[in-house]
Amino acid sequence: MKAIGRNLIIQKVKEGTTSTKGGLLLAENQREDIRYIEAQVISAGEEVVGIKTSDIIFYDRHAGHKIELGKEHYFVIKIQDVVVVL
């Protein structure tokens, strides 16, 4: 699987659940206070500069489209949705 142009193929890093001060357990997708999500780059398009395969990034949670390949879930996002590269 290969990204084209200014796109990235990523896979979210699993965080699991977190608990609030009151003791409620929240799943990752229920956390409204978190705007950016951590992910690993699977493939970077040929026009992407500064990001390579296996980099860990943070991107806007509302960006991209989901792809299901086999039993794995991937996301295709644009380079402008990336805010941090670790």
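S43 is buried, with a relative accessibility of 7%; buried denotes under 20% relative accessible area, exposed over 50%, and partly exposed the range in between (1.4 Å probe, protein chains only). The model is predicted: local features require pLDDT of at least 70 and side-chain atom pairs pLDDT 80 or more, whereas totals for chains, interfaces and linings use all residues. Residues are numbered from 1 along each chain as its sequence is written, and side-chain values use heavy atoms, without hydrogens and water.

S43 belongs to strand β4. A polar atom of its side chain lies 2.9 Å from the backbone nitrogen of A3. Leaving aside residues up to four places away in sequence, S43 touches M1, K2, A3, N7, L8, I9 and T53, where contact means heavy atoms within 4.5 Å.

The strands discussed here are listed below; strands (E, at least two residues) are DSSP runs numbered from the N terminus.

| Strand | Residues |
|---|---|
| β4 | residues 36-44 |
| β6 | residues 65-69 |
| β7 | residues 72-78 |
| β8 | residues 82-85 |

None of the five residues of β6 is buried. β6 pairs with β7 in the antiparallel sense over five bridges, pairing requiring at least two DSSP bridges between two strands. Within this pairing, K66 has F75 of β7 as its bridge partner. Two residues separate the strands of the β6-β7 hairpin, and G70 in the turn has a positive phi of about 70°.

V83 is located in β8 and is partly exposed, at 43% relative accessible area.

How values were computed:
Helix = DSSP H or I, 4+ residues; strand = E, 2+ residues; numbered from the N terminus. Polar contact = N/O pair within 3.5 Å; in protein donor to acceptor, adjacent residues only side chain to side chain.
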